[in-house]
Structures are given as C-alpha cells and as structure tokens.
Amino acid sequence: MKLIPIHGRLQNFDWRTTSFRLVSSCPMSIPYLLREIANGRQTSPKEKGAKGANEMISRTSIYTSSKWNIPFVRRNIRHCQGHVSKSRMVCVAESGTEFFEAAKLTVDRYVKNGMVVGLGSGAASGIAIQHLGKRLKDGSLRDIVGIPSSTFSATEAAKAGVPLNNYEDGIQIDFAFNDADVMEEGSLMAVIGRRKLEGGESFVEEKMIATSADKFAFIVAEEQYTKEIYGSIPVVINCGNWLLTAEEIDDLFLGDAEVWRRPAFGNADPLGGDFPLVTTDGHHVLDVNFTSPILDLGKVAESIKKVAGVVDHGIIHDIPCFAVIASKNQVKLVDKTSVIS
C-alpha cells in the first residue's frame, strides 16, 4: 500500500449527507491520505481530477494526528494492540420491550401541555418519543415542542409526529429524559455515550440538554442500576495533539484503565483503527476502559475534565435528576433520597 502526502486542513464532514467536505474547524494538516484500498491502483488523485480525489477521501482513512510522526505510545495504548479488554463489554438492554411501561410512565406523569421537552437517545427514549407522539395524535397532549439530543431522537420524533426545535444556549426546557448506559445506585450518577454515535454526532448535546432541563429523568433497566460501575467512560477531546491528551488521561489511572480512540467503523484498536471517529465539531472520542470497578465516579469526572484538550466526558454527576427503573414486573421511580413509587 502506498501513502501519498497531501496538504490542507481537516474539515468537518456533513453528517446529514454521505459526502465529506473540507472546512476549517479542526486546525491541523492532513499528512497522509491512505491511497489504494484494493487491487494496487496506481492512479493519483491529481490524475483522476477533483471528483476522483473526493471519492477517494470518502472511501479512505484520514489520519488526523497533528504530527505525521506519531509520538511514542505508552503502556496502555501500546500493549493492548490486538487485545480487546473485558472492560469494553458494557451492560445494555438487548430489547426495548421491558422499557415500554417505564417510558410510558415517564411521559404520562411528567409531560404536560405546552411543555418544551428534551428528547433522549437510546431504546427507552425511543419508546418514550413514540408514546409522546401517540398522545399528541389522540389529543391528550398538545402544544409540545421536542428538543432532540441526537440524530436518533430527531428521526424518532419526526416519525412520531412530535414538533421539533433545535437546542440553543439559554433555551428553557421544562422536562427532559434520556437513557443511561449505567447508573450508580443511590448517588444517581450516570454514564452516557457508550452507544454507537451516528453521523459524526457526539453525546455533548445530550449533556447540555440534561443540564438545561428544569426536571430530568433517566430511564434505565434494572440491571443498569447498580452499586458498582464497570466499563468505559467516553471522553470527547480536541483533535490537535490528541495523543498527548490520551497519555495524560492514561497517567491519571495507571494500572486501572486503558485508553482507546474510538473508530467511526471497522475494527477498534488503541489508535482508532483505520477510520478514527471525527465528530461534526471536529473532535475525537476516547473510551477510558476501566479494568476494575470505578470507586468514585464523581472524582473521575472532575479529574478528566481538568486535562488539557478534553471537551467533555460521559459522566453526569452534578445535576438533580431521578431514575425510572424498568424491570419485567414493575417500574420504580427513585430520587437521590428515596423510592418515589
């Protein structure tokens, strides 16, 4: 495989289409374009013209390190090449059926006429959005405006007939709900962002909607509401000098976690595989994979946030909220002090 040097800036790609564009939001050069994917093709982008070059960009990997000579990668990233840690296994409900009553209760009890409602992402939130749409159609709710947190929630709301508006700073959100990948019993601290992100989005907007809402609910399965938190903490970081950010996070949790850059698709490895994920805002996503239970989720959140280059993380720990817990036989509403019902 030959590598052909090119010059320019990494630009955002439009996640609403399948094409890639060059924009200037990620201030770094693209040192190399992986050139030939199959059959040893020899034709250069210049020879093929601009159209051919764009086609190749859309098919191949863009290496986004700010330096073409990638710095030496330390222990956790270097040594887990070819090794998938058990900590990458996460607890996710396999079916939305158990969420039906919990999602229905969330909408029926907390959504009132005229509200602006933050719409979450995931199986439970999808069911809640569908139920919200049914109530709007039958007239039992009216004048609702939904604020989608992701491509998924916007799509579900459009299918369900829920009127939408975009999230903006300062917008008044009366109530919001979202899935959590895992939630700590008692403290109600939660982790989001482990799910596969669609179209270059990130979970940052989910967090902004949660913190902006007057009242906020997590809808989780019983097995996701646990005393011990295992698995990964997603972290959104700046593209420039991303390895330095990853190494600093690695230093925070020496021996307790492995730091992996998330791929857009294909096989994962510590560097993000051939296609590292770049969000629409020009960021990478790291997965900090803990190999043992996380003893203090709040402390982990505060430590990660202080690292240079970190934009945000997937821990929600400092907002008032309650949990709607779904099981096969019942639904529980729990706040930080007691079981509500």
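**Starting from one bridge**

Mentor: Let's start with Gly118, whose bridge partner in β7 is Ala176. Keep in mind that this is a predicted model, in which local features need pLDDT of at least 70 and side-chain atom pairs count only at pLDDT 80 or more, while totals for chains, interfaces and linings use all residues. Residues are numbered from 1 along each chain as its sequence is written, and side-chain values use heavy atoms, with hydrogens and water left out.

Trainee: OK, and what does β7 do with the strands beside it, like β5 and β10?

Mentor: β5 and β7 run parallel and are joined by 2 bridges, and β7 also runs parallel to strand β10, residues 213–221, with 6 bridges between them. One of the residues to look for here is Phe175, which has Lys215 as its bridge partner in β10. (Strands are DSSP runs of E, at least two residues, and helices are runs of H or I, at least four, both numbered from the N terminus.)

Trainee: Is β7 mostly covered or mostly open?

Mentor: Strand β7, which spans residues 173–179, is mostly covered, as 6 of its 7 residues are buried (under 20% relative accessible area; over 50% is exposed and in between is partly exposed, with a 1.4 Å probe and protein chains only). Across the protein, buried residues make up 51% of the 341 residues.

Trainee: Switching to helices: how do α4 and α5 sit together?

Mentor: The axes of α4 (residues 123–138) and α5 (residues 151–160) come within 8 Å and cross at roughly 25°, so α4 is roughly parallel to α5. On the α4 side the contact is made by Gly126, Ile129, Gln130, Gly133 and Lys137, while α5 brings Phe152, Ser153, Glu156, Ala157, Lys159 and Ala160 (contact means heavy atoms within 4.5 Å). Axes are lines fitted to C-alpha atoms, for helices over the stretch in contact, and angles run from 0 to 180 degrees between N-to-C directions; under 35 degrees is roughly parallel, over 145 roughly antiparallel, 65 to 115 roughly perpendicular and the rest oblique.

Trainee: And which residues of α5 are buried, and what covers them?

Mentor: In α5 the buried residues are Thr151, Ser153, Glu156, Ala157 and Ala160, and what covers them includes β5 (116–119), α4 and β6 (145–148). Just after α5 comes Gly161, which takes a positive phi of about 80°.

Trainee: How does α3 pack with α4?

Mentor: Helix α3, residues 100–110, packs with α4 at an angle of about 50°, with their axes 8 Å apart, and the two are therefore oblique to each other. Phe100, Ala103, Lys104, Val107 and Asp108 of α3 meet Ala124, Ile127, Ala128, His131, Leu132 and Arg135 of α4.

Trainee: Back to sheets. What is the strand order in the antiparallel one?

Mentor: That open sheet has 4 strands in the order β13-β14-β12-β15, with antiparallel pairing (two strands pair if DSSP finds at least two bridges between them). Its edge strands are β13 (257–261) and β15 (310–313), each of which pairs on one side only, and the twist averages 25° from one strand to the next. Strands β12 (residues 229–238) and β14 (residues 283–294) run antiparallel and are joined by 9 bridges, and Val236 stands opposite Val285 in β14. Helix α8, residues 297–305, packs on this sheet, where α8 touches β12, β14 and β15 and its direction makes about 165° with that of β15.

Trainee: What about the sheet with mixed pairing?

Mentor: That open sheet of 4 strands is ordered β11-β8-β9-β16. The edges are β11 (225–226) and β16 (315–316), each with a single partner strand, so one side of each has no neighbour in the sheet. β8 (residues 182–184) pairs with β11 in the parallel sense over 2 bridges, and Glu184 has Thr226 as its bridge partner in β11.

Trainee: Last one: where is Asp143, and is it buried or exposed?

Mentor: Asp143 is in the loop between α4 and β6, and this residue is exposed, with a relative accessible area of 59%. Although Asp143 is not a glycine, its phi is positive, about 60°. Leu188, also not a glycine, has a positive phi of about 60°, but Leu188 lies in the loop between β8 and β9 (190–191) and is buried, with a relative accessible area of 2%.
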